[in-house]
Amino acid sequence: MQSREQHHDVVVVGGGLAGVSAAVAAARLGSSVALVTNRPVLGGNSSSEIRVWVVGATAHGTQRFARETGIMGELFLENQYRNPQGNAIYWDQVVLDLVRAEPNVHLHLNTDVRTVTTVDDETGAPRIASVTGWTMGSEIETTFTAPVFLDCTGDGLVGALAGASYRIGREGRDEHGEEWAPEQPDDELLGSSIFFSTHDTGRPEKFVPPSIAKDLSTTPILANRAIKTGDNGCNYWWIEWGGELDTVTENERIRDELWGVVYGIWDHIKNSGAFDADSLTLDWVGAIPGKREYRRFVGDHTLTQQDLLSQRTFPDTVAFGGWSIDLHPVEGVYAETAGAQQRYTDGTYDIPFRSLYSADVTNLLFAGRNISASHVAFGSTRVMATCATQGQAAGTAAHLAARHGLTPRELGTDHVAMLQQTLLREDAPLIGVRAHDGADLAQRARISASSELVRLDTTPWATEDTFALDRDAALVVPVDPVLGSVAFRTVADHDTDVTIELWTTGRPQNYAPIAHVSTHTARVRAGAAEAAVDLGFRPDEPCNAVVVVRRTPGVRLVLTDGHPYGVLALRARTADDEQFDDHIPEEADQPVTDWEARALRGRSFAFTAADASDAWRASRVADGYQRPFGGPHLWSSEPDDGAATLTLDWAEPVDVREVRIVWNDDVDADLINLHHHRTPWDAVPTLARDYRIEACVDGSWRGLATVTDNRHRHRVHDVAPTRTASLRVVVTATNGSPFASASAVKVY
């Protein structure tokens with residue numbers, strides 16, 4: 001046995017995606033970071049040990065333009081390239097490689113922290129002095145000291161040992177006025193899950209159930225849950241139990257009960273005669289329950305149901321979510337009711353920094369399912385991609401607090417702009433916060449391009465396919481500065497009138513019709529024709545608008561197989577449409593589910609707008625927004641521009657040492673790490689694949705950087721110090737899109 005001591009700038013305990021993102025964020029900014037986890041692999045519930053899908057704000061494509069960027073985005077993109085088949089073992093290595101690429105991260109796997117020492121500061125408030133972990137298999141005990149600590153353990157053990165205030169269970173309705181909260185507070189939790197996977201061997205395979213296997217005929221499972229032979233892993237998210245227990249203290253009991261359910265389900269599939277499963281065999285069953293809920297710390301702000309559903313804007317926003325408020329019956333798999341109750345926000349919502357640090361332990365931050373949120377709000381913030389966005393924010397804050405000698409509260413109270421601007425410089429996932437970086441030379445440049453998309457026109461990609469107006473349809477379009485005369489291509493059985501309405505989205509991060517503006521009637525002729533109206537819409541500032549085409553039997557809209565970025569086709573759901581998940585009844589009056597984008601992904605309606613648009617101008621790369629927000633906020637070339645070029649000119653020469661480019665990685669594409677769905681490309685088509693950066697020196701263009709086979713969004717180029725008055729980025733190929741497009745260019 002050995003005893004060791006290590007001192008770092010930041011100590012992160014917990015190796016799930018929140019902890020990984022926190023550690024990498026702090027390390028990239030220059031902090032020495034200890035990342036300590038009690039598991040042999042990183043990734044937490046997403047790892048090959050448990051195999052939960054990494055879901056987040058996109059909510060399987062329900063929310064639009066909502067995929068996480070930043071460190072979580074890097075993981076999504078790299079996994080898409082390396083692991084399109086969703087292999088859980090490969091995913092482990094994607095996460096591990098991200099961490100090992102950072103020399104400032106000191107990784108301690110298999111190290112269980114059970115001891116925390118605290119001291120009182122000058123005000124008498126506790127602060128963590130050290131944590132001590134035992135490395136299993138190595139017989140090494142390590143004491144870690146640092147000025148700042150992060151509890152990303154999920155269960156919140158470090159904070160609890162430090163004396164941080166926390167909640168377990170559900171708040172009563174009166175505490176926060178939440179409609180979904182129970183009348184009285186209680187100890188009920190979301191349960192834990194164990195999954196399994198199978199494969200077809202091509203020959204008969206028998207299954208002899210172990211003694212632990214449940215007889216499903218004695219349970220409510222067969223009557224209330226859908227069992228399918230093609231399902232694997234997290235498709236069985238509803239194999240859940242333990243919500244009536246202490247999910248930590250009773251973890252072993254919960255595991256055994258879940259094993260019994262898993263083997264009972266497999267016995268039913270193999271031996272009931274109800275399935276074509278003769279050649280199927282089990283290849284993996286989890287041994288560790290994937291926990292959903294335990295401690296939730298108390299911060300300076302507790303997120304509530306109202307914060308999410310009203311999409312409250314927080315001045316200290318540092319991350320975002322968009323998954324539904326997703327609550328499960330406490331009986332879990334044995335419930336007689338549906339497996340979940342879900343309610344979606346109209347778009348993404350803010351997560352404030354005040355929910356990421358302790359209200360009473362002065363140097364404790366946290367990220368993951370243990371942040372300061374009510375049980376109801378936690379139903380959304382708990383999913384892993386959202387946890388990772390919190391982790392990047394908390395890790396960035398930890399670095400700044402350590403470097404400047406601040407407490408997290410001091411940072412959030414007096415220096416929140418510094419935190420937000422640091423996050424934006426690193427392309428962290430913030431929505432609706434504008435970058436103001438005085439060091440960025442691009443802010444002083446005149447920016448032009450070889451071409452700019454200036455027309456809202458999808459007709460070049462028109463196909464022979466049509467969309468029958470047996471339901472309402474809609475098109476989300478950017479309006480900058482005006483949306484006047486518009487026309488949809490139609491095919492009609494007879495002359496008729498079509499009703500076309502204009503709606504706004506309520507908030508810039510929304511992509512559904514929320515507020516009605518005007519109603520118009522278009523006369524449509526039989527055969528191939530157009531439905532044309534003058535919308536006459538000139539908003540006070542650029543925004544997205546939704547053009548709704550109401551149900552008109554006998555009329556069809558022409559479909560396209562491409563469109564400019566930021567244009568989004570929607571269809572109204574009908575009672576006959578198949579539910580996305582058989583175990584989750586859909587709530588009424590939810591704009592993002594009433595209007596579906598998933599079915600028309602990659603397509604649009606053939607549509608033209610008469611007025612020119614400024615939505616895709618070259619200057620957008622320096623407008624401070626790095627994600628869509630009331631418009632695409634990016635430069636787009638015209639289609640098939642060849643060597644599309646973006647040029648920055650300065651009135652006087654500047655000294656250039658670093659160029660950062662945020663490419664368009666299509667945050668509307670729903671990526672996932674494991675086996676929920678496949679995406680038909682390895683690299684996002686909108687990303688620039690081959691490009692070069694050049695500076696004009698002594699009248700000629702000199703190469704500063706050349707990149708081929710790019711598959712990343714945020715590229716940081718340290719270049720040889722160069723004095724120049726002109727810099728250009730030349731895109732010679734994308735990963736498939738006809739448009740070259742970039743969200744931001746920054747020069748230092």
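# A tour from the sheet outward

Start at Leu35. The bridge partner of Leu35 in strand 4 is Leu107. What you see is a predicted model: local features need pLDDT of at least 70, side-chain atom pairs count only at pLDDT 80 or more, and totals for chains, interfaces and linings use all residues. Residues are numbered from 1 along each chain as its sequence is written, and side-chain values use heavy atoms, leaving out hydrogens and water.

**Stop 1: the sheet**

Select strand 3, residues 33-36, together with strand 4. The two pair in the parallel sense, over four bridges. Two strands pair if DSSP finds at least two bridges between them. Helices (H or I, at least four residues) and strands (E, at least two) are DSSP runs, numbered from the N terminus.

Now widen the selection. Strands 4-3-2-8-19, in that order, form an open sheet of five strands with parallel pairing. Which strands stand at the edges? They are strand 4 (105-108) and strand 19 (364-366). Each has a single partner strand, so one side of each has no neighbour in the sheet. From one strand to the next, the twist averages 20°.

Phi of Asn110 is near 55°, a positive value in a residue other than glycine. Asn110 counts as partly exposed because its relative accessibility is 26%. Buried means under 20% relative accessible area, exposed over 50%, and partly exposed in between (1.4 Å probe, protein chains only).

**Stop 2: helix 10 on the sheet**

Select helix 10, residues 384-404. Helix 10 lies across strand 2 (10-13), strand 8 (148-151) and strand 19. The angle of helix 10 to strand 8 is about 165°. Axes are lines fitted to C-alpha atoms, for helices over the stretch in contact, and angles run from 0 to 180 degrees between N-to-C directions.

**Stop 3**

Two packed helices are described by the angle between their axes and the distance between the axes.

Show the side chains next. Helix 2 brings Gly70, Ile71, Met72 and Phe76 to the contact, and helix 10 brings Ala385, Ala388 and Gln392. Contact means heavy atoms within 4.5 Å. By class, the contact of helix 2 with helix 10 has five nonpolar, two polar and no charged residues. Ala, Val, Leu, Ile, Met, Phe, Trp, Tyr, Cys and Pro count as nonpolar, Asp, Glu, Lys and Arg as charged, and the others, Gly among them, as polar.

**Stop 4: helix 12 against helix 10**

Pick out Gln392, Ala393, Thr396, Ala397, Leu400 and His404 of helix 10; across from them, Met418, Leu419, Thr422 and Leu423 of helix 12 complete the contact. The residues of the contact of helix 10 with helix 12 divide into six nonpolar, four polar and no charged.

Which residues of helix 12 are buried? They are Val416, Leu419, Gln420, Thr422, Leu423 and Leu424. The buried residues of helix 12 pack against strand 15 (317-321), helix 10, helix 11 (408-414) and strand 39 (741-747). Just after helix 12, look at Asp427, where phi is positive, about 60°.

**Stop 5: two buried loop residues**

Select Gln311, in the loop between helix 8 (305-309) and strand 15. Gln311 counts as buried, because its relative accessibility is 4%. Leaving aside neighbours within four places in sequence, the contacts of Gln311 include Thr348, Arg507 and Asn510.

Move on to Thr348. It lies in the loop between strand 17 (341-343) and strand 18 (349-352). At 3% relative accessibility, Thr348 is also counted as buried. Not counting residues up to four places away in sequence, Thr348 touches Ala57, Ala66, Gln311, Phe320, Gly321, Gly322, Ile431 and Gln509.

**Stop 6**

Find Pro481, in the loop between strand 23 (473-479) and strand 24 (483-492). A cis peptide bond joins Asp480 to Pro481, with omega about 5°.

End at Asp589, in the loop between strand 30 (568-572) and helix 13 (591-594). Is Asp589 buried or exposed? At 61% relative accessibility, Asp589 counts as exposed. Its phi is near 60°, a positive value in a residue other than glycine.
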